[in-house]
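Please examine the sequence and the structure shown here.

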Amino acid sequence: MTIDIRIAQFFDLTTADGTRHCYQNYFANTRYTYQNFSYDFAPFRAEGTSSTNTGDNTIVQVLFPNVDFVLRLLDAGNGNRLSRLLLTTVWLTSTNEIAANGATQLEYLVGIGASLSDTTIELRFRSAIDSVISSFPARTIIRQLVGPLPLSASVSLQ
Amino acid sequence: MSNFPSVTPTSRRYTPGTYPQKTYRSLSGIVARRTYGNSPYGARLDLEFKNISDTTVTTLLNHYHAQTTVNRRFQLSTPITAGMNTGLSTEVQSLTADRGNLRWEYAQPPQIESVRPGVSNVSITLSGEIRDPNTDES
(Lines give C-alpha, C1' and ligand atoms only; values in the text may rest on other atoms or scores of the structure.)
Protein backbone atom coordinates (compact mmCIF):
# COMPACT_ATOMS: atom_id res chain seq x y z
CA MET A 1 0.00 0.00 0.00
CA THR A 2 1.32 3.40 -0.93
CA ILE A 3 -0.21 6.68 0.09
CA ASP A 4 -0.03 9.05 -2.85
CA ILE A 5 0.54 12.69 -1.95
CA ARG A 6 0.43 15.35 -4.64
CA ILE A 7 0.47 18.97 -3.62
CA ALA A 8 0.58 22.07 -5.79
CA GLN A 9 1.10 25.58 -4.52
CA PHE A 10 -0.18 28.74 -6.12
CA PHE A 11 1.78 31.89 -5.44
CA ASP A 12 -0.19 35.11 -5.94
CA LEU A 13 1.97 38.11 -5.06
CA THR A 14 0.66 41.67 -5.24
CA THR A 15 3.49 44.18 -5.39
CA ALA A 16 3.58 47.84 -4.41
CA ASP A 17 1.99 49.09 -7.63
CA GLY A 18 -0.90 46.63 -7.37
CA THR A 19 0.40 44.24 -10.02
CA ARG A 20 -0.31 40.57 -9.45
CA HIS A 21 2.45 38.03 -10.09
CA CYS A 22 1.06 34.51 -10.22
CA TYR A 23 3.09 31.30 -10.27
CA GLN A 24 2.52 27.63 -9.55
CA ASN A 25 5.14 25.00 -8.80
CA TYR A 26 3.70 21.69 -9.97
CA PHE A 27 2.81 21.72 -13.67
CA ALA A 28 6.16 22.15 -15.40
CA ASN A 29 6.26 24.87 -18.05
CA THR A 30 2.49 25.08 -18.10
CA ARG A 31 0.28 28.10 -17.68
CA TYR A 32 -2.32 26.68 -15.33
CA THR A 33 -5.69 28.30 -14.80
CA TYR A 34 -6.92 28.25 -11.24
CA GLN A 35 -9.86 30.25 -9.91
CA ASN A 36 -10.12 32.02 -13.27
CA PHE A 37 -6.55 33.27 -13.06
CA SER A 38 -3.48 32.13 -14.98
CA TYR A 39 -0.45 30.90 -13.09
CA ASP A 40 2.87 30.50 -14.88
CA PHE A 41 5.27 27.81 -13.81
CA ALA A 42 8.08 28.68 -11.40
CA PRO A 43 10.14 26.18 -9.44
CA PHE A 44 9.63 27.65 -5.98
CA ARG A 45 9.38 26.03 -2.58
CA ALA A 46 7.43 27.42 0.36
CA GLU A 47 8.15 26.39 3.91
CA GLY A 48 7.75 27.68 7.43
CA THR A 49 5.12 28.07 10.06
CA SER A 50 1.89 29.46 8.73
CA SER A 51 0.08 29.96 12.02
CA THR A 52 0.62 29.52 15.72
CA ASN A 53 -1.54 29.50 18.78
CA THR A 54 0.18 32.50 20.27
CA GLY A 55 -0.17 34.74 17.28
CA ASP A 56 3.48 35.62 17.11
CA ASN A 57 3.57 35.77 13.32
CA THR A 58 6.32 33.34 12.53
CA ILE A 59 8.08 33.46 9.20
CA VAL A 60 7.19 31.70 5.96
CA GLN A 61 9.99 31.47 3.40
CA VAL A 62 9.51 31.10 -0.33
CA LEU A 63 12.64 29.94 -2.11
CA PHE A 64 13.17 30.74 -5.80
CA PRO A 65 16.14 30.18 -8.08
CA ASN A 66 18.09 33.37 -8.65
CA VAL A 67 16.62 34.18 -12.06
CA ASP A 68 15.59 37.38 -13.78
CA PHE A 69 11.84 37.32 -13.20
CA VAL A 70 12.28 36.86 -9.45
CA LEU A 71 14.65 39.81 -9.34
CA ARG A 72 12.01 41.90 -11.13
CA LEU A 73 9.47 40.67 -8.62
CA LEU A 74 11.76 41.70 -5.77
CA ASP A 75 12.29 45.10 -7.30
CA ALA A 76 8.56 45.68 -7.79
CA GLY A 77 7.92 44.86 -4.15
CA ASN A 78 10.65 47.16 -2.85
CA GLY A 79 12.79 44.24 -1.74
CA ASN A 80 9.66 42.30 -0.77
CA ARG A 81 8.78 44.80 1.93
CA LEU A 82 5.68 46.11 0.19
CA SER A 83 4.22 42.86 -1.09
CA ARG A 84 1.16 40.86 -0.21
CA LEU A 85 1.03 37.16 -0.85
CA LEU A 86 -1.83 34.76 -1.14
CA LEU A 87 -0.30 31.26 -0.98
CA THR A 88 -2.76 28.55 -1.89
CA THR A 89 -1.95 24.90 -1.30
CA VAL A 90 -4.11 22.40 -3.12
CA TRP A 91 -4.11 18.63 -2.99
CA LEU A 92 -4.23 16.81 -6.29
CA THR A 93 -5.60 13.48 -7.36
CA SER A 94 -3.45 10.75 -8.90
CA THR A 95 -4.37 12.18 -12.31
CA ASN A 96 -3.02 15.59 -11.33
CA GLU A 97 -6.40 17.24 -11.03
CA ILE A 98 -7.43 19.36 -8.10
CA ALA A 99 -9.16 17.19 -5.51
CA ALA A 100 -12.88 17.73 -5.42
CA ASN A 101 -13.10 17.28 -1.66
CA GLY A 102 -12.00 20.84 -1.00
CA ALA A 103 -8.58 19.99 0.36
CA THR A 104 -7.29 23.51 -0.11
CA GLN A 105 -5.43 25.80 2.24
CA LEU A 106 -5.10 29.56 1.91
CA GLU A 107 -2.42 31.63 3.58
CA TYR A 108 -2.50 35.41 3.59
CA LEU A 109 0.97 36.80 4.10
CA VAL A 110 2.79 40.11 4.01
CA GLY A 111 6.35 40.59 2.79
CA ILE A 112 9.03 41.44 5.31
CA GLY A 113 12.14 41.22 3.17
CA ALA A 114 14.32 38.93 1.15
CA SER A 115 17.79 37.50 0.97
CA LEU A 116 19.91 36.58 -1.99
CA SER A 117 22.58 34.02 -2.63
CA ASP A 118 24.43 33.14 -5.81
CA THR A 119 21.81 30.59 -6.80
CA THR A 120 18.66 31.38 -4.81
CA ILE A 121 16.41 34.21 -3.75
CA GLU A 122 14.47 33.75 -0.55
CA LEU A 123 11.37 35.86 -0.01
CA ARG A 124 10.29 36.11 3.61
CA PHE A 125 6.74 36.69 4.76
CA ARG A 126 4.78 36.89 7.96
CA SER A 127 1.17 35.92 8.31
CA ALA A 128 -1.26 38.77 7.88
CA ILE A 129 -4.03 37.04 9.76
CA ASP A 130 -3.13 34.99 12.76
CA SER A 131 -4.36 33.60 16.01
CA VAL A 132 -7.40 34.89 17.84
CA ILE A 133 -5.91 33.85 21.14
CA SER A 134 -3.46 36.48 22.24
CA SER A 135 -3.58 39.40 19.86
CA PHE A 136 -6.77 39.71 17.91
CA PRO A 137 -7.16 42.08 16.25
CA ALA A 138 -3.47 42.24 15.49
CA ARG A 139 -3.08 45.89 16.33
CA THR A 140 -0.88 47.81 18.63
CA ILE A 141 -2.76 49.08 21.63
CA ILE A 142 -3.14 52.80 21.21
CA ARG A 143 -5.18 55.40 23.05
CA GLN A 144 -7.85 55.50 20.33
CA LEU A 145 -8.48 51.80 20.86
CA VAL A 146 -8.43 51.46 24.63
CA GLY A 147 -8.79 54.97 25.94
CA PRO A 148 -6.30 56.55 28.32
CA LEU A 149 -3.55 54.06 29.02
CA PRO A 150 -3.01 53.26 32.71
CA LEU A 151 0.31 53.79 34.34
CA SER A 152 0.40 50.21 35.59
CA ALA A 153 0.95 47.27 33.25
CA SER A 154 -2.41 45.62 33.77
CA VAL A 155 -4.68 46.22 30.83
CA SER A 156 -7.81 44.14 30.46
CA LEU A 157 -9.54 43.89 27.12
CA GLN A 158 -13.03 42.45 27.31
CA MET B 1 24.13 25.39 -33.26
CA SER B 2 20.91 23.71 -32.28
CA ASN B 3 20.04 20.04 -32.68
CA PHE B 4 22.62 17.37 -31.94
CA PRO B 5 24.73 16.75 -35.07
CA SER B 6 23.32 14.27 -37.56
CA VAL B 7 25.71 11.46 -36.84
CA THR B 8 24.49 7.90 -36.37
CA PRO B 9 25.89 6.31 -33.23
CA THR B 10 27.48 2.88 -33.20
CA SER B 11 25.75 2.04 -29.94
CA ARG B 12 23.51 3.81 -27.44
CA ARG B 13 22.02 3.24 -24.03
CA TYR B 14 18.88 5.06 -22.91
CA THR B 15 17.53 5.50 -19.38
CA PRO B 16 14.17 7.28 -19.03
CA GLY B 17 13.73 10.19 -16.66
CA THR B 18 12.72 9.86 -13.04
CA TYR B 19 9.70 11.52 -11.44
CA PRO B 20 10.16 14.17 -8.75
CA GLN B 21 9.09 12.07 -5.80
CA LYS B 22 10.17 11.45 -2.24
CA THR B 23 9.28 8.33 -0.34
CA TYR B 24 8.56 8.20 3.38
CA ARG B 25 8.12 4.89 5.17
CA SER B 26 6.23 4.86 8.45
CA LEU B 27 7.03 2.53 11.33
CA SER B 28 4.06 0.42 10.30
CA GLY B 29 5.66 -0.12 6.93
CA ILE B 30 3.18 1.95 5.00
CA VAL B 31 4.83 4.00 2.28
CA ALA B 32 3.77 7.56 1.54
CA ARG B 33 5.09 9.02 -1.66
CA ARG B 34 5.08 12.76 -2.20
CA THR B 35 5.10 13.89 -5.82
CA TYR B 36 6.46 17.37 -6.47
CA GLY B 37 5.75 17.76 -10.18
CA ASN B 38 4.04 16.24 -13.16
CA SER B 39 7.04 15.69 -15.43
CA PRO B 40 9.90 13.20 -15.44
CA TYR B 41 13.41 14.60 -15.63
CA GLY B 42 17.03 13.50 -15.77
CA ALA B 43 16.82 11.02 -18.66
CA ARG B 44 20.19 9.71 -19.75
CA LEU B 45 21.54 8.78 -23.13
CA ASP B 46 24.97 7.22 -23.60
CA LEU B 47 26.24 7.36 -27.16
CA GLU B 48 29.25 5.66 -28.73
CA PHE B 49 30.64 6.70 -32.09
CA LYS B 50 33.31 4.27 -33.20
CA ASN B 51 35.85 4.76 -35.97
CA ILE B 52 34.59 8.13 -37.13
CA SER B 53 36.69 10.65 -38.97
CA ASP B 54 38.33 13.49 -37.12
CA THR B 55 36.20 15.89 -39.14
CA THR B 56 33.09 14.35 -37.58
CA VAL B 57 34.76 14.43 -34.18
CA THR B 58 35.34 18.15 -34.65
CA THR B 59 31.67 18.61 -35.52
CA LEU B 60 30.68 16.87 -32.30
CA LEU B 61 33.14 18.91 -30.27
CA ASN B 62 32.01 22.17 -31.85
CA HIS B 63 28.45 21.34 -30.86
CA TYR B 64 29.54 20.57 -27.30
CA HIS B 65 31.32 23.91 -26.99
CA ALA B 66 28.61 25.95 -28.71
CA GLN B 67 25.78 24.62 -26.56
CA THR B 68 27.60 24.42 -23.26
CA THR B 69 29.12 27.87 -23.37
CA VAL B 70 25.67 29.47 -23.64
CA ASN B 71 24.00 26.87 -21.40
CA ARG B 72 21.42 25.98 -24.01
CA ARG B 73 19.83 22.54 -24.19
CA PHE B 74 18.99 20.99 -27.53
CA GLN B 75 16.95 18.33 -29.30
CA LEU B 76 18.29 15.07 -30.66
CA SER B 77 18.71 14.69 -34.39
CA THR B 78 16.95 11.92 -36.29
CA PRO B 79 20.06 9.68 -36.76
CA ILE B 80 20.46 9.38 -32.99
CA THR B 81 17.34 7.21 -32.85
CA ALA B 82 17.99 5.47 -36.16
CA GLY B 83 16.72 1.90 -36.25
CA MET B 84 14.08 2.39 -33.56
CA ASN B 85 10.40 2.16 -34.40
CA THR B 86 8.29 5.30 -34.14
CA GLY B 87 7.06 4.61 -30.63
CA LEU B 88 10.49 4.03 -29.17
CA SER B 89 11.99 6.93 -31.09
CA THR B 90 9.28 9.21 -29.67
CA GLU B 91 10.02 7.91 -26.20
CA VAL B 92 13.73 8.65 -26.50
CA GLN B 93 13.16 12.06 -28.05
CA SER B 94 10.93 12.80 -25.00
CA LEU B 95 9.30 15.79 -26.63
CA THR B 96 5.75 15.12 -25.48
CA ALA B 97 4.41 16.63 -22.29
CA ASP B 98 3.91 13.28 -20.57
CA ARG B 99 7.58 12.48 -21.19
CA GLY B 100 8.71 15.78 -19.76
CA ASN B 101 9.26 17.71 -23.01
CA LEU B 102 12.95 17.20 -22.41
CA ARG B 103 15.90 18.99 -23.94
CA TRP B 104 19.36 17.51 -23.78
CA GLU B 105 22.62 18.74 -22.37
CA TYR B 106 26.08 17.26 -22.03
CA ALA B 107 26.36 15.44 -18.71
CA GLN B 108 30.14 15.51 -19.10
CA PRO B 109 32.61 16.51 -21.81
CA PRO B 110 32.88 14.11 -24.77
CA GLN B 111 35.65 11.56 -24.50
CA ILE B 112 37.84 11.05 -27.55
CA GLU B 113 39.98 7.98 -28.15
CA SER B 114 42.32 8.00 -31.11
CA VAL B 115 42.27 4.74 -33.06
CA ARG B 116 44.64 5.50 -35.93
CA PRO B 117 45.56 8.64 -37.83
CA GLY B 118 42.42 10.56 -38.73
CA VAL B 119 40.06 8.08 -37.02
CA SER B 120 38.72 8.20 -33.47
CA ASN B 121 36.17 6.78 -31.08
CA VAL B 122 33.92 9.20 -29.21
CA SER B 123 31.81 8.62 -26.09
CA ILE B 124 29.12 11.13 -25.25
CA THR B 125 26.72 11.14 -22.31
CA LEU B 126 23.66 13.35 -22.57
CA SER B 127 21.23 14.26 -19.84
CA GLY B 128 17.61 15.13 -20.63
CA GLU B 129 16.15 17.89 -18.49
CA ILE B 130 12.79 19.65 -18.49
CA ARG B 131 12.93 22.38 -21.08
CA ASP B 132 13.50 25.90 -19.86
CA PRO B 133 11.45 28.02 -22.30
CA ASN B 134 13.67 31.04 -21.70
CA THR B 135 16.97 29.49 -22.67
CA ASP B 136 16.54 26.10 -24.35
CA GLU B 137 15.95 25.27 -27.98
CA SER B 138 12.29 25.10 -28.98
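## Terms and model

Helices (H or I, at least four residues) and strands (E, at least two) are DSSP runs, numbered from the N terminus. The model is predicted, and local features need pLDDT of at least 70, side-chain atom pairs count only at pLDDT 80 or more, while totals for chains, interfaces and linings use all residues. Residues are numbered from 1 along each chain as its sequence is written, chains are lettered from A in the order in which they are written, and side-chain values use heavy atoms, with hydrogens and water left out.

## Chain A

Chain A contains nine strands and two helices. Read from the N terminus, its elements follow the order β-β-β-β-β-β-α-β-β-β-α.

Chain A has 158 residues, of which 35% count as buried, where buried means under 20% relative accessible area, exposed over 50%, and partly exposed in between (1.4 Å probe, protein chains only). Contact means heavy atoms within 4.5 Å. Among the contacts in chain A between residues at least 6 apart in sequence, 53% join residues at least 24 apart.

## The interface of chains A and B

At this interface, 13 residues of chain A are in contact with 13 residues of chain B. The size of an interface is often given as the accessible area lost when the parts come together. Chain A and chain B bury about 1200 Å² between them, 50% of it on carbon and sulfur atoms; this buried area is the accessible area (1.4 Å probe) that two parts lose on being put together, summed over both. Of the area that chain A buries against chain B, A:Ile5, A:Tyr26 and A:Asn29 supply 38%, more than any other three residues.

Strand S1 (residues 2–14) of chain A pairs with strand S3 (residues 31–35) of chain B in the parallel sense, over five bridges. Two strands pair if DSSP finds at least two bridges between them. In S3(B), A:Ile3 has B:Ala32 as its bridge partner.

## Helix H2 of chain B

Which residues of helix H2 (residues 86–93) of chain B are buried? They are B:Ser89, B:Glu91, B:Val92 and B:Gln93. These buried residues of H2(B) pack against strand S1 (11–15), strand S4 (43–53) and strand S5 (102–106) of chain B.

Just after H2(B), B:Ser94 takes a positive phi of about 55°.
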